[in-house]
Structures are given as structure tokens and as C-alpha cells.
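Dear colleague,

I am passing on the model we spoke about, with the sequence and coordinates placed just below. My notes on what was found follow after them.

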Amino acid sequence: MEASCLELALEGERLCKVGDYHAGVSFFESAIQVGTEDLQILSAIYSQLGNAYFHLHEYNKALEYHRHDLTLTRIIKDQPGEAKASGNLGNTLKVLGRYDEAAVFCQRHLDISRMLHDKVGQARALYNYGNVYHAKGKNICWSGMDPGEFPEEACIALKKATEYYEANLAIVKELGDRAAQGRTYGNLGNSHYLLGNFQDAVLAHGQRLLIAKEFGDRAAERRAYCNLGNAFILLGQYEVAAEHYKRTLQLARQLKDRAVEAQACYSLGNTYTLLQHYERAIDYHLKHLIIAQDLKDRIGEGRACWSLGNAYTALGNHEQAMSFSEKHLEISKEIGDRSGELTARMKVSDLQLLLGLKQNNSNSNSSAFMESPPGDSSLPDGRSRGSRRHSMENMELMKLSSDKNMQAKSPTKSSTAKTPSKLFFINRFRSKKHRLNGSNSTRPDKQYALDTRADDGFFDLLSRFQASRMDDQRCSLQDSLSSVPALSIPCESPPVALNNPEASAQPGHFLDLLASSQSRRLDEQRASVDSLPGLRLDQRHSQDVLSKLMVSADNKEPDEDFFDMLIKCQGSRLDDQRCAPPPPPTRGPTVPDEDFFSLILRSQAKQIDEQRVILPSDTRPLQTNPE
């Protein structure tokens, strides 16, 4: 029977090593069904099963078995095993977004490794620790702010990540582990990028690139080139960034990764837009569009059509720009992208105006123009010409140029039709909003009353819902008192609360009640032998195993570290009850995680400030490729 359990576990381990995690899980589960009295074998099965579920992205199951592994390693006093289990728990909790709890287990992993003078374990713990803080800071960064301008909480987390990565580098350099150095340099570069330290990011990703070439790791090499391109964009070195994106594209094609190939084309298209090489930009955006269509990525198709519309507008080809803008509008409606739909509608409206102006200039005596009465100043869609013209005069435009003085050098290149042809429409939504506010200005009191009524109703509903949740967590004294007479066991003296109703208000009685309630909660959280799946106890071995469990639990008093860990974990439970922020917008596989075109606009902000007015920043950082 014992050999059967061990054989099943070994077969599951072999399958997981070759990447067949589904089959490996089946063998591990079968081994647990058979069961064993050997706690070390059971601990190894828990660890392997947790890792297999982690690779299958079933993180809650992985968390369950890693917790079982931690329990057993503490029972049998296996400190190396406890360190490994703590590290696995830290990684799993990080993926689940429970960063504070993950940090507790990473610290435990680090402490045990230092106590055992295990350099390899210390390096792994420091790397995992850095990953936790990097993920925490990156998660906060997706709120739409620029690199280097994040909230203090995000900056603190990212700075801690860099500290742990640098500490890890010191150890892996001492150990001569070049592969580990490469991974750390990649994540260190990403942390510096998010902090706005773009020169440091370039240095770290440069080292990552060198090590990737040493090992012939083309996937890591591709990530390094892409991250270097991102950093050079923000440094304003667009030609250098384009060269790195070209290498990214070549490697993606060698790796036959169509999605990454499309992302590289998208980045190159927008980089050449910055350089005002619009024909080359259009070429790369068309390649992106073709791949997005092949992969049935409607989000990527919409983004490609939007970019193509902008590029054709810059070339003055408004007919082609209209075609792609209308396609962008159609796709945005299909996928429910409200923001994209609004952008596309405004772009189509602007292009219709431009095409109408050109037609009126070339056919000023056409019959269509003569059909309008002399006093009629309305457009076909019912809008006023005067109000539309007023909005166009107030619309903010931006010229995407790496040379901030180019406009001053060539002032003669302007005409009614071509003035907007080399400009991109920026902050158009704000102009639209101003126009809508102007049209609704006749009923401000009514609109304000409606908004106020809606807000009051929302907050009233929210307060009632939160109040009920707080009531559910309170300890009800009345319920406990009402249940006392129903007890079948008689007591010689009645409860204090029944004899003296005011006794329940005494501090001592309340503290006793609180201690009793908390002790029951702690009892519920303690691990029992029955909760460990696969632990088989027969009459011959049950007494030995149970005595070992009891002795291991009673020999050692809880230390301060245990209570610190308990406090931190209990504190994170409050965070679990809070409302989660809205998820980030869905993105297609052929589009980078971050809005590259928004990055381009932001990177030109200083030049725009010198030429025109200050633009509001409402963008998000460029995608980083994690190691």
C-alpha cells in the first residue's frame, strides 16, 4: 500500500517535469486517495500538488495544498521544508493580489534561510520579496498616472522592490549564477521604469540583454529589446527606440509569436508617427491590422483602424481617414467600448467637417449649396454652424514632432484645408464636453437637482448596505442572553447577566465575553488531523502519529514572530471585505497592455508646453515585460 502511494507520487512528479500538469495532478490526487502515514512523503505530495495547481492557474487550490505543506513541515520540524513552503505561499498570495500576507511569508522564508546560512534560499527569498513589492506597486500604477508620478504608497513599494532586487543581485553574483542575474536585472529595470528612473532602467535592461544573448534565450532577448524601446521612447530618443522595436519584431517572427509580432508593429507604427514618417507608420499599422484580423482580435482591429485614421489625417488623405475612422466606430460599438465609440464619433464628425469644407471650397456654386435658405445656418445633423465653428476655434490640436521648433521654421505651409491635415486631434473630448455644457446651460437648476437626487439615493443605498455588513460582524449580546434559558443543563447559580441586567455593561464582563468569542474563532482556525487529506491513521500507527502531533504542538511556545505574522494576516482580512476597484479595461492580444499612443502624447508634453498651453495628463504607463 505504501509503495503504491509513493509510486503514484513519483509518476505525478515525472509528468509535471515534462509539463503535463493535468496528468500530474491526477496522479497526485490518486496518491492522496491511497494515503500514507509518512508525514514527509505527504508533505512532498502537498508541495508538488500545490506547484502543479499553480501552473494550471488554479491558485486557490495551490494555496490550499501549500498551507497543508506548511502545517506538516512545522509539525515534523523540517525547517528547509518550512522555508520552501513559505516561499510557495508567498508566490501564490502575490498572484492572488494579497500582497501584505505574501510579504509575511516571504519574510519567514528569508529568516529561515538566513538562520540555516542557505545562500541559495536567501537569494530566492529576496527575489520573491522583490516580486511581491513590484507587483503591489505595479497594481497601484494602473490608475492612469505617469511613471514617476505615482502615489506615495506605490513609490514606497517600488523602492522596496529595487532594494530587494539589488540585495538579490549581490548574492547571485557571489554565487556566480548568471541566469538568476538576468532575471533580476529584467525586473529591476521594470521597477526603475515605473519609478521614472529611465536611465537606470536602460542600464538594467542592457545587462538583461547581454545575459540573454549569453544563454541564447531569444524570448528573454525579445523582452529586453521591447523594454529598452519603451525606455528610450520616454527619453525622447525615438530613432534608438525604433531600432529596438525592429529587433523585437525580428525575434517575435523567429519565435513565431503572432501576437507579439503585432504588438511590435503597433509600437513601430506609433514611433514613426512621432518621427513624422507617416508612410512607414501606415505600413506597420496595416501589418498590425492584418494580424489582428487573423487572430480575431477585434480590440486590436479597432486600435489599428484608429491609428490608421490618425496617420492618414496627418497626410491630408481625409477620405481614407474617414474610412478607417468609421470602421473604428463600428468595432467600438460591437465590443461595447464606450470610450472608443465617443472618440470615433468625434473623429468622424471632424472629418466630415473637413471634407465638407473642401467640397464647399471647390464647388462654391453647386446646387446643394444653393438649396439652403440664405438665413439657414444649420448643418444636416441639426447643429448650428456658428456653434460648430466656435468649437473648432477652441479645439486644442497638437503636432507630433520630435523637433519643437519645426513649426517656427516652416510657417508658410498652411491653408484652410491642410492646416489640420498634419495635426492629431487631442483633448477633443473636452471641447465636446464644453459644447454640450453650453447647449444645456438653459436648464442648470433642473440638471443639478437630478444629479443631487441621484447622488443622495446612491449614498443612502451604500450606507444601508455597509451598515448591515457591520451589524453582521458585531457580537449580539441579546441573542446570547435569550439562548441561556433554553439550555438543558441546570446551573446552581443563575448567570450574572440574568440576576443583574446592568452587569453586562461592566467592563470585566464584556472583556470575558470578548475573550471567549475570540478563543472560539482561534479554535476554528486551528488545523486538525482530519483536515489533512491523505494522512492515513490505522490502529497500529495512529497512537504514534497522534502523540507526535501533540508533542510537536506542545513543546514550543509561540514566539513573537508568530504573533506578528498573525496580526498582519488578520489585518489583511479587513482589506478583503472592502470593495475591489473596477478591473482594467479589456485589451486584445495584439495590443500592448498600455496605451502606447497616450505615451507618445505624454512624451511630447514638455515641447507642447513651450509651444502652446499645458495639456492635462490622463495617461497610463507603457507596458513592461516582466521576467
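To begin at one particular spot, helix α9 is followed by Gly-196, whose phi is positive, near 90°; helices here are DSSP runs of H or I with at least four residues, strands are runs of E with at least two, and both are numbered from the N terminus. Please keep in mind that this is a predicted model, in which local features need pLDDT of at least 70 and side-chain atom pairs count only at pLDDT 80 or more, while totals for chains, interfaces and linings use all residues. Residues are numbered from 1 along each chain as its sequence is written, and side-chain values use heavy atoms, with hydrogens and water left out.

Helix α9 itself covers residues 178–195, and its end C-alpha atoms are 26 Å apart, which agrees with the 26 Å that its 18 residues should span at 1.5 Å a residue (the expected span being 1.5 Å times one less than the number of residues). Of these 18 residues, 15 are buried, so α9 is largely enclosed by the rest of the structure; buried means under 20% relative accessible area, exposed over 50%, and partly exposed in between, with a 1.4 Å probe and protein chains only. At the start of α9, the backbone nitrogen of Ala-179 has a side-chain oxygen of Asp-177 within 3.4 Å.

For the chain as a whole, the secondary structure amounts to 29 helices and 2 strands, and 41% of the 627 residues count as buried.

His-117, in the loop between α6 (99–115) and α7 (119–141), has a positive phi near 55° and is exposed, with a relative accessible area of 69%. Gln-276, in the loop between α13 (258–274) and α14 (278–294), also has a positive phi, of about 65°, but this residue is partly exposed, at a relative accessible area of 21%.

In the model, residues 43–76 are 88% helix and 0% strand, with end C-alpha atoms 10 Å apart, and residues 222–255 are 88% helix and 0% strand, with end C-alpha atoms 9 Å apart.

With best wishes

Technical notes
Polar contact = N/O pair within 3.5 Å; in protein donor to acceptor, adjacent residues only side chain to side chain.
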